[in-house]
Structures are given as C-alpha cells and as structure tokens.
Amino acid sequence: MRSFLKYNYLYLSWVVSLVATGGSLFLSEVMHFNPCNLCWYQRILMYPLIYLLGRGALKQDNKIVGYAMPFSILGFFIALYHYGKQKLPWIDQIAPCKVGIPCSTKQLEFFGFITIPFMSMVAFLIISVLLIIGSRLNKNR
C-alpha cells in the first residue's frame, strides 16, 4: 500500500478533484441547484486543483504539492465553515448570507448529515491527506 501511494498519490488526488468538480458542475448545470457564495469560494479553490494535480501527476513533479496544498487546506476550512452554517444555526446567525441563496440552505441531504458542503469538505480532506502522505513517502526518494 505504501508503494502504491508513493507513486500514485498525485493521480489519486487528481481523480478526487475531477470527481468533485464534475459533481459540482452536475449539481448546478443538470440538477439546476444554484450555488451560494460559499459554494463559489469552494469551487474557486477546487477547479485549479484539476490542472495543478494533473500536471504534477503527468510530470511526476512532487513539488506541485507546495502549490496545491494551500488550495486544498483553505477549501477544507471554507467547506467546514459552510457545513457548520448548515448544521449549527448559531453560526449562521453570526454572519448570515445576504446576497443570493442563503448558505444555510440544504439543497441536498443524505442520511441526515451528508450535504453538498460535507461532500466538498471530504474531497478537500482526502486531497490534503493524500498530498501529505505522498510527499512524506517521497522525501526519501
């Protein structure tokens, strides 16, 4: 498993970013869910990861981690905040969204806890963990 992650962590991260981007586009363009402001920020941070991680994987460039990691970590925290606004009403009362769709709106929910920001948060977390593990395994290269 270590050897697999050592050589494929960039490809795996890239696939996660592709799925997340495809999912966000499907939800907005096919399902006609309008993204809120926080959804747009998450998209702004996820979409460049397709290019960065894809290029890094094709070129086997481990230095791309330094460029991709800030996008992933910041995206995780925005998604965490967004998820908190949906699940904890007091967070939404601190700074409510005033333009467009309210960020506390749950347009989609599975099993009582899986919402769009939750899926985004998980995608950013998986990418971050893969980048951390992969870069540590490749330090000895």
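This is a predicted model: local features need pLDDT of at least 70, side-chain atom pairs count only at pLDDT 80 or more; totals for chains, interfaces and linings use all residues.

Author: Residues 24 or more positions apart account for 72% of the contacts in the protein with a separation of 6 or more. The protein has 5 helices and 0 strands, so that, read from the N terminus, its elements run α-α-α-α-α. Of its 141 residues, 41% count as buried.

The part to look at is the packing of helix H1, residues 2-30, against helix H5, residues 116-137. Two packed helices are described by the angle between their axes and the distance between the axes. For H1 and H5 the angle is about 160° and the axes lie 8 Å apart; because angles over 145 degrees count as roughly antiparallel, H1 and H5 are roughly antiparallel to each other. Their crossing is left-handed.

Turning to the residues that meet there, H1 contributes Arg2, Leu5, Lys6, Tyr9, Leu10, Leu12, Ser13, Val16, Ser17, Ala20 and Leu27, while H5 contributes Ile116, Ala123, Ile126, Ile127, Leu130, Leu131, Ile133, Gly134, Ser135 and Leu137. Sorted by class, this contact of H1 with H5 has 15 nonpolar, 4 polar and 2 charged residues.

As a further detail, a search of the whole structure finds 1 salt bridge, in which the side chains of Arg55 and Asp61 meet at 4.0 Å, N to O. Arg55 is partly exposed, with a relative accessible area of 34%, and Asp61, at 23% relative accessibility, also counts as partly exposed.

Note on methods:
Residues are numbered from 1 along each chain as its sequence is written. Side-chain values use heavy atoms; hydrogens and water are left out. Buried means under 20% relative accessible area, exposed over 50%, partly exposed in between (1.4 Å probe, protein chains only). Axes are lines fitted to C-alpha atoms, for helices over the stretch in contact, and angles run from 0 to 180 degrees between N-to-C directions. Helices (H or I, at least four residues) and strands (E, at least two) are DSSP runs, numbered from the N terminus. Angles under 35 degrees count as roughly parallel, over 145 as roughly antiparallel, 65 to 115 as roughly perpendicular and the rest as oblique. A crossing is left-handed if the near helix is turned anticlockwise from the far one by less than a right angle, and right-handed if clockwise. Contact means heavy atoms within 4.5 Å. Ala, Val, Leu, Ile, Met, Phe, Trp, Tyr, Cys and Pro count as nonpolar, Asp, Glu, Lys and Arg as charged, and the others, Gly among them, as polar.
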